[in-house]
Amino acid sequence: MSDTPSTEIDLIESEACAWLAQIDGGPMSDGDRRALQEWIGRSPAHKQTFEQMARRFLQLSVAFDEDADQSASQSSVSRVGAAFLGGWGMRSWRHLAMPAFAILCLLAVARLYLPVSPAPISQSYYSDIGQQRVIDLADGSVITLNTRTRIDVVYSDQARIIQLIYGEALFDVAKDPDRPFRVLTQMGGVKAVGTVFSVRVREGDIEVLVEEGTVELTAHDIEKPSAAIADAQPRPGIILSSGRRAAFNKSEQVISVVDPQQLQQRLLWRQGQLVFDADPLARVIDEISRYTPIKIVISDPQLLDMPISGHFKAGEVEALLDALEQGFGLRIEKYGQRLVYVSQA
């Protein structure tokens, strides 16, 4: 390693520390073991540094345990190699050396990364019922929240993570290939680099509409933004291109093509507009109900599929109810300030 630049040595040492710490954390997955094998095989410097750091770890364990004998230490050295090949963990002796080894690794990383990179920035945003809200992020991305929506935003030097807790949001993503933009929901995730798409969460159902560019749908394997930042290589998923819609839940997934006019109609909520073109009354009521605390009930099941067309302003519930009564011959019965029944006139 004498011909290796000092900065590269520092990098290799810090990476070796990270791998040894991961081995110490418990059994490694097959993918992790393959990745470690690939890292060790990149150069003689990688292999030599890993072995040296492992020996230091074991030597420190002896120093911290006066009862340990030399033969036990030597046998343990060979087990480090087996750690990434067979999944054997170091927990049986981690308490012996971790205080000193943690300092050793910290120094190796500090030499390379000082000044220390800033911690991830975390922020929550939400919109009330009937409200749309625009969020300008530091990287130039823009998020538009629809009615009654909450998101948690976590940005770091490695990743841009948005957790959509509930509601609907449109994401206009600034291009940054080195920091993928990921939207997480309880059912799965959406990964993008530079694109425009919307995601809606509704009672366990997820809907994704791509207006521009492409996104990748990923399986539900991460629950928190902090975990997503650490997950540098999420499992590959389904590619969804412009003009496509994906709707999925725990039991099914449907991908369909949306014509440009319909796509724009579905996204007109950005301007506070709702457009229906022969949509079932059930869907119309469901959409309008998102913008008001008033509960609207269709009391006659035969009316659920009644086609409704019209252009309405989001949140103007009275105008919609008047249109249903006067233009479609329905009966509107109001009970107090928060309950409305819709039936056949």
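**Entry 1: the sheet.** I looked up the open sheet of three strands and found the order β15-β18-β17, with mixed pairing. Two strands count as paired if DSSP finds at least two bridges between them; strands (E, at least two residues) and helices (H or I, at least four residues) are DSSP runs, numbered from the N terminus. β15 (295–298) and β17 (330–335) stand at the edges with a single partner strand each, so one side of each has no neighbour in the sheet. From one strand to the next, the twist averages 20°.

The model is predicted: local features need pLDDT of at least 70, side-chain atom pairs count only at pLDDT 80 or more, and totals for chains, interfaces and linings use all residues. Residues are numbered from 1 along each chain as its sequence is written, and side-chain values use heavy atoms, with hydrogens and water left out.

**Entry 2: β15 and β18.** I noted four bridges between β15 and strand β18 (residues 339–344), which run parallel. The bridge partner of lysine 295 in β18 is leucine 339.

**Entry 3: helices on the sheet.** I then examined helix α8 (residues 281–289), which lies across β15, β17 and β18 and runs at about 170° to β15. Helix α9 (residues 317–327) packs on the sheet, touching β15, β17 and β18, and its direction makes about 140° with that of β17. Axes are lines fitted to C-alpha atoms, for helices over the stretch in contact, and angles run from 0 to 180 degrees between N-to-C directions; contact means heavy atoms within 4.5 Å.

Entry 4: I recorded Val317, Leu320, Leu321 and Leu324 of α9 as buried (under 20% relative accessible area; exposed is over 50%, partly exposed in between, with a 1.4 Å probe and protein chains only). These four cover an arc of only 100° around the axis, which puts them on the same side of α9; the arc is that of the directions from the helix axis to the C-beta atoms. On the other side of α9, Gln326 and Gly327 are exposed. The buried residues of α9 pack against α8, β15, β16, β17 and β18. Glycine 329 follows α9 and has a positive phi, near 65°.

**Entry 5: an aromatic pair.** I found that phenylalanine 276 and phenylalanine 312 form a tilted aromatic pair, 6.1 Å centre to centre with 50° between the planes (ring centres within 6.5 Å, using the six-membered ring of Trp; planes under 30 degrees apart are stacked, over 60 edge-to-face, the rest tilted). Phenylalanine 276 lies in strand β14 (residues 273–280) and phenylalanine 312 in strand β16 (residues 307–313), so the pair ties together parts 36 residues apart in sequence. Both phenylalanine 276 and phenylalanine 312 are buried.
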